[in-house]
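Please look through the sequence and the structure shown here before reading on. The report that follows takes up helices, charged pairs, the nonpolar core and a few loop residues in turn.

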Amino acid sequence: TGMGAREARFYRELARELPVRVPRPLWSRWTADRRGYIMLLEDLASSGCTFPDFQAGGDLAFARSAIEGLARLHAAYWQSPRFAADPSWIKPQIHSELGPQLVATGGASFGAEQPDAFHDVAEVYAQHGAAVAKLLEAGPQTLLHGDSHLGNLFRDGGTAGFLDWACVSRGPGLRDVAYLLCASIDTELRRLEQRALIQRYLEVLAEAGAPAPSFDEAWRAYRLLAGSGWVAAVATYAVGDRMQSVAVGRRATARANATVADLETASLLREELGLPPWQGRKSE
């Protein structure tokens, strides 16, 4: 996928200009075929930074700081003409058949223990993965972190910082917001605070000069884009401990299931794609 080379290029060409806290880049290079790369970055622990506990699901102050950081990042590149010139190498998120395959693998290995919301979203994504991917790309384009889960964030005092930029891409800013809230934030905290956090995101967007959408428009987009966080959580769980521990994958999937159920994401996906309502689990 060239993810490593993309991250190395991000640290060399973009990191220093971002309006959010990122690891300070010292040096990076990559090979012409993008199969090899090296990055030398700030040691965050030596700088006094700390890291949130994914299993605990963060806290409100940290979640608010992360949401505000995403808003500043997105405002800085909102509908930027630079995407046509420099950095034209920032592309929409990659879609391949691997995503639907991993969701299918997850359904086969741990689907029996999952709630109906899991199976509803899984059916839509497995059968219409390319259409879902296109739907999740729609909207005003900006620079995305692309993998904004709690494990890719750090604390510098009271400020949230962002690391692991291997999935840097462009797309609708609320995709990063939904991705974070969907599977990383404690479920009860999300339920209590998600509307206020989205409102705060819109406020910071406007303060930074971006034409923020209305709350109703943002809420609908958030409900839809929660699907991207769900896919990431299920795919991570489906590969066992190859990307994260099994415990992290299981917890993320449980949170993501609760999110897409609360937001009725599958029903909204079906509505947008012109699909019939879910008919329930198929008999064994």
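## Helix H3 and its buried side

In this predicted model, helix H3 has a set of buried residues, namely Gly99, Pro100, Leu102, Val103, Gly106 and Phe110. These residues cover an arc of only 160° around the axis, which puts them on the same side of H3. The face of H3 that is turned away from this buried side carries Ala108 and Ser109, which are exposed.

The helix itself runs over residues 98-110 and has 13 residues, and from its first C-alpha to its last it reaches 18 Å, close to the 18 Å expected at 1.5 Å a residue. What do the buried residues of H3 pack against? Their partners are helix H4 (116-127), helix H5 (129-137) and helix H8 (215-238).

## Helix H4

The buried residues of H4 are Ala117, Phe118, His119, Asp120, Val121, Ala122, Val124 and Tyr125. The elements that cover them include H3, H5, H8, H9 and H10, and H3 in turn packs its own buried residues against H4. With 12 residues, H4 should span 16 Å at 1.5 Å a residue, and the 17 Å between its end C-alpha atoms agrees with this.

Side chains of opposite charge can pair when their charged atoms come close. A search of the whole structure finds 17 salt bridges, and one of them joins Arg82 to Glu17, with the closest N and O atoms 2.8 Å apart. Because Arg82 lies in the loop between helix H2 (60-76) and H3, while Glu17 lies in the loop between helix H1 (3-13) and strand S1 (25-30), the pair ties together parts that are 65 residues apart in sequence. Arg82 counts as partly exposed at 30% relative accessibility, and Glu17 counts as partly exposed at 39%.

Another salt bridge brings together the side chains of Asp262 and Arg190, at 2.7 Å from N to O. Asp262 belongs to helix H9 (residues 246-263) and Arg190 to helix H7 (residues 187-207), so this pair ties together parts that are 72 residues apart in sequence. Are the two partners buried or exposed, or something in between? Asp262 is partly exposed, with a relative accessible area of 36%, whereas Arg190 is buried, with a relative accessible area of 1%.

Arg220 and Glu272 also form a salt bridge, and their closest N and O atoms are 2.8 Å apart. This pair links distant parts of the chain, since Arg220 is in helix H8 and Glu272 is in helix H10 (residues 265-273), 52 residues apart. Arg220 counts as partly exposed at 34% relative accessibility, and Glu272 is partly exposed with a relative accessible area of 36%. Elsewhere, salt bridges that share partners join Arg64, Glu68, Arg200, Glu203 and Glu207 into one network.

## The largest nonpolar core

The largest nonpolar core has 75 residues, and among these Phe10, Leu18, Leu143, Trp165, Tyr201 and Trp230 touch the most other members. Helix H8 gives the most to this core, with 12 residues.

When its neighbours within four places in sequence are left aside, Trp165 is in contact with Glu7, Phe10, Tyr11, Leu18, Val22, Leu73, Leu144 and His145.

## Residues in loops

Where is Ser148 placed? Ser148 sits in the loop between strand S3 (141-144) and strand S4 (153-156), and at 0% relative accessibility it counts as buried. A polar atom of the Ser148 side chain lies 2.9 Å from the backbone oxygen of Asp176. Apart from its neighbours within four places in sequence, Ser148 is in contact with Leu153, Asp176, Tyr179 and Leu180.

Asp164 has a phi near 55°, which is a positive value in a residue other than glycine. Asp164 is found in the loop between strand S5 (159-162) and strand S6 (169-172), where it counts as partly exposed at 27% relative accessibility. Glu264, which is not a glycine, has a positive phi of about 55°, and its place is in the loop between H9 and H10.

Note on methods. Residues numbered from 1 in each chain as written. Predicted model: local features only at pLDDT ≥ 70, side-chain atom pairs only at ≥ 80, totals over all residues. Heavy atoms only, no water. Helix = DSSP H or I, 4+ residues; strand = E, 2+ residues; numbered from the N terminus. Expected span 1.5 Å × (residues − 1). Buried < 20%, exposed > 50% of the residue type's maximum accessible area, 1.4 Å probe, protein only. Arc of directions from axis to C-beta. Contact = heavy atoms within 4.5 Å. Salt bridge = Lys/Arg side-chain N within 4 Å of Asp/Glu carboxyl O. Core = buried A, V, L, I, M, F, W, Y, C linked by side-chain atoms within 4.5 Å. Polar contact = N/O pair within 3.5 Å; in protein donor to acceptor, adjacent residues only side chain to side chain.
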